[in-house]
Every structure is written in C-alpha cells, then in structure tokens.
Amino acid sequence: MGLVLRSWVANEAGKHCVLVVWLAVSVWLFWRTFSLYSSGPQYYYLHQMLGLGLCLSRGSASVLNLNCSLVLLPMCRSVLTTLRGTHQVNSRKARRLLDKSKNFHVACGVAICVLSVVHVSAHLVNAVRFSVRYSDDFPALNLAQHRGQDPRVLILTTVPGITGVLLVLILFLMFTASSYCMRVCNYEIFWYTHNLFILFYIILMVHVVGGAVKYQTNVEAHPPGCIWANQSKASSDMWSNQQPKGETEEESKEASLIVCREDAHFQPHFPQTWLWVLAPLCLYCVERLYRCIRGSTPVTVVSVVRHPCDVIEVRMLKSGFNARPGQYILLNCPSVSSFENHAFTLTACPTQNKETFGIHIRVVGDWTECFSQLLFPELEHSEILPMMHQRRYPKLYVDGPFGTPSEEVFNYEVSVCVAGGIGVTPFASILHTLLDGCRQYKLQRLYFVWVCRDLQCFYWFAELLCGLHHKLWEENRPDYLNIRLFLTNTQQLQNLTEEKYRPLSSRLVIGRPRWNLLFQEIGRSNQHKKVGVFCCGPKSISRELHKLCNSFSTSGTVFEYNKESFS
C-alpha cells in the first residue's frame, strides 16, 4: 500500500496540488467579489435593484478575468521550452509539471465556458430587472431608458450587450471546434476558429468599458438608506423595511434615522479586465513575434524519402537551428496553407558532425495528402538527390523547436520508451543521439517497446535500431538497450527476413504486449529505482500504462509516467 501511494504521489500529486490551488483561488475570488457586491455600502442601491443577479454576474466576471489571463500562459511555447533548458528549473518534478501545460490550458478554457454561462445568465436576469425595477429616485443608476423597456433592446443597443453577444458567439465556435472529434476529423476548422482568440480579447477590452454596473461615490455624505430631514415618517418606515435580514428593530430604526447630506452620486467602475489580461497578453504577443521572426527564414530541404505505409521522411537544413532529442517543431507550407502550422517530432537532431534535422510524416488527412503530392508530384519511388542536383521543393518554414516530456529520457537511470505506430518518432531522435554517443548521459538502461499493426512499419527505423545494437555490442554493452517489437496483426505469420535485420527478427513478438508481465520483469531487474516511462501512441496503450504506473507495488520500483503531448 505504501509503494502504491508513493507511485501515485510521484505521478499525480504535483498536478493535483496545482489544480487544488487554482480551484481555491477561483473560489476565494468569486466569494470575495460576491460578498462585496452583496453587502458593500457603495453597491447598496444597485443591489436593491438587481438582487442576486448582480452578485453572480460580478463574481463570475472576476474569476473569468483570472482564467482569461491564465489560459494564455501555457501557450507560450518558447517560454516553457526555455524554462525546461535552464538551471532555474532543475527539479524533475517541476519540469514534469510544465508537461501538463496543455491540460491546464484546457482546464482554464472549460472554466471560461462554464463561468460565461453563469455570467450571461445573471446578466439576462439583470437586463429584465433594469427594466422592471427602474429607479425614479436615482436616474443615473439605470441602464434602461424608462420603466418597462424591452430587455432585448438593452442587450442589442448597448456596448456591453452587443459585445457580450459577440463574445458568446466566438466562445461557442472555439469551444465546439476544440472537441476531439472535430480536431481529428477536420483540424483546419479547429485551427482557424481557435485563432479567433485575437478577436475575442479585442472585444473583451471593449466589453468592459460599457459602464453598465455603477457604484456610489459619496457613501459618507449619503449613507445607504438615509433619509432627508423633511422626509415623512412614512418614508422613514419605507426605508427601514429595506434593512438587511437579521437586523433588530432597534438597529433598523437607528439606520432609518440617518440623515442625507447630499444626493447619491454614481459612476461606472474603472475597467479592471485589462489589468488582469495585459501582462499575459503582452508576454504572449512578444513570444509570438519572436517566433515569427525566428521562423521567417525558409529551410533548405536536403532530401525526401518515401517509406512504407504512407510515411515520408523530410531532411532539412537551417542556419543556427539547435534542438534537443525529443523536441518537436511546427511546420508551415504556404503552398498548402499559409496559416496552418502542424506539429511534428524531430526524428533526427543537428549534431556536430551533421547539421541536418529530420521529421517523419504519416500521410493522413487533407494537409499531409497535399504536402505529399507537392514533394512527390510524379515520382513513384523513393529518391535522394545531391544538393547540386536537387529538384525544386515547396517552400517550408519551421517554428521551434519546442520541449516535450521525452527530453527527460536521459535524466533517469532506467527509462522505458513505449511507442505505438508513428508514435515512435519522439524516440527516434533519442536513438540517433545514443548512436552518436551514450556515455555522457545519466541513462544506464533503455527499454524500447514498439507496437505496430503492420510489419512494414518497423522498416522506418530498422537500420537505426540495428546500427545502435551493433554499436553497443562492439562496446561490450549489450544490456544497455532492450528492444521489444510487437506485431498486433496476427492474420498471418510474418517476420523481418532480411539478414541485416536479424537482431530485430529475434525480438519480434506476434501479438499484443502483456504490460503487467513486462512491468514485473523491469521491476525485478531494477529494484528500488525510479524508472521513467514514456509513451507516445494510442489512448488505449496510454491509459493502461498510466494505470500500471500508479498501481505498481512490487520490488520497490517506482514508475514515473510521462505522456507525449503537443501543445
């Protein structure tokens, strides 16, 4: 039980602590604002007019301000990547929290949507009450032109109303297009609607200057509920009936006898949303500007290779480009789409001996299909051409590189890399790095597990695996790399028959991995150690590995789970 708890703490405690702090701050901010508008003397008359709707709308608005500022921070990719590579973030736990940035972005986005529903619902009630409870005593407090004005007119003719409708429409488009089904079926819709966030923040800044909610500026000269010196006792009794619930009759009587020295004055609040949003928005804009400048120079395409199972390898060259194993880039091809950027993991990083870097692209979807046709317009076979005789490729731009959890592979003594199909790409650059030299890293043993449905997929990196295997045998370190290949298609017996791939054929298993047995074997071989588990593949594999890492309880081994995810 103690080891299970230790495993759970290693994998889940950090993100749950952040979640609890975020929720606690949100609840405190909501309650603080709710209480202020409910019992604050400067909002006495406005609360008498609007009631609970005022408190709910302002409380939800304050938490919306918080989340509209926080939602931008996880998308500052360059900042997060820089933090990963600095000595200021030297804790592995802190770096692993950075890997959850996408989840935090999603959590903030969901909170914005939920709070927007509360905020809009409360303001719909407020619009009705502005009309029904029109104040003849304090005309400056009213939003309506007259008593009984149609609330729809208030919504569609005022700045807060019009901008509020536009914000709801934009948020609806962004939220619905962010669903998993939409991202898989039509990534372009997700991409274009998500970039509406620029318009969202512009309208948000205009929305808060509408001045619909006003506060009393002269509370001392005009205490809430005070009466004029010549006011009748009947009027005094009328005001005394408005005392807060729970006051005694004596207290109510004393309050009703407070005399006004001047009329109540009201004015709109100074907009506070920009105070919340300005710093994160400026940081994001500066970061995006930096990325635009950095990625404005097109790369040189050195070679393209067509691999089995509709996979394309692209080798590129860019001056000053440096990357760490496991990182990814955003690729833009204006010939396909000027605005779309697609994330691809680096399968080969620049080194001292070779300045080129490479990616492998699985041709699935409209964008990759068009890109493939541009690379291979009339060819049916793989082709690598020398630089001097290189044919014309489409112009490509690269943004990045950006950090991923796979960078942590070298920071464990023992690491387990689990790949499903094309999910092998993050680990290919790690294998390339080990081929160049593996003695300078903390890593002492690497378990490489690759699960594929088609035998031809293993040929993508078969030569790399065999080359690393032979290198380690020559260095008398055969136990450094443990290769496990699983072919899930059991319709017919297959194997890697080529002589040069013999080291892989003996490690190929027909069928699905038995993860529990694999973890037990790794645990027995690495007792009382922390083992890093890295996964990039289907959700079914990811869920099972995550569950095993949290529940493994033998041999004193703790498995720390790291999932590959593009932000």
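## Overall makeup

Among contacts in the chain with a separation of 6 or more, 76% join residues 24 or more positions apart. The model is predicted.

The chain has 567 residues, and 49% of them count as buried. Its secondary structure consists of 20 helices and 14 strands.

## Nonpolar core

The largest nonpolar core holds 40 residues. Phe 448, Trp 450 and Phe 458 are the residues with the most contacts inside this core. Two or more core residues come from each of the strands β9 (414-420), β10 (445-452), β11 (481-487) and β13 (530-536), and from each of the helices α16 (425-436) and α17 (462-474). Helix α17 gives the most, with 6 residues.

Leaving aside residues up to four places away in sequence, Phe 458 touches Trp 450, Cys 452, Leu 485, Phe 486, Leu 487, Leu 496 and Leu 508.

## Packing of α19 and α20

Two packed helices are described by the angle between their axes and the distance between the axes. For α19 (residues 515-525) and α20 (residues 539-551), the angle is about 45° and the axes lie 11 Å apart. The two helices α19 and α20 are therefore oblique to each other. The crossing of α19 past α20 is right-handed.

On the α19 side, the residues that meet α20 are Trp 515, Asn 516 and Phe 519. Their counterparts in α20 are Ile 541, Glu 544, Leu 545, Leu 548 and Cys 549.

Technical notes
Residues are numbered from 1 along each chain as its sequence is written. This is a predicted model: local features need pLDDT of at least 70, side-chain atom pairs count only at pLDDT 80 or more; totals for chains, interfaces and linings use all residues. Side-chain values use heavy atoms; hydrogens and water are left out. Helices (H or I, at least four residues) and strands (E, at least two) are DSSP runs, numbered from the N terminus. Buried means under 20% relative accessible area, exposed over 50%, partly exposed in between (1.4 Å probe, protein chains only). Contact means heavy atoms within 4.5 Å. A nonpolar core is a set of buried Ala, Val, Leu, Ile, Met, Phe, Trp, Tyr and Cys residues joined through side-chain atoms within 4.5 Å. Axes are lines fitted to C-alpha atoms, for helices over the stretch in contact, and angles run from 0 to 180 degrees between N-to-C directions. Angles under 35 degrees count as roughly parallel, over 145 as roughly antiparallel, 65 to 115 as roughly perpendicular and the rest as oblique. A crossing is left-handed if the near helix is turned anticlockwise from the far one by less than a right angle, and right-handed if clockwise.
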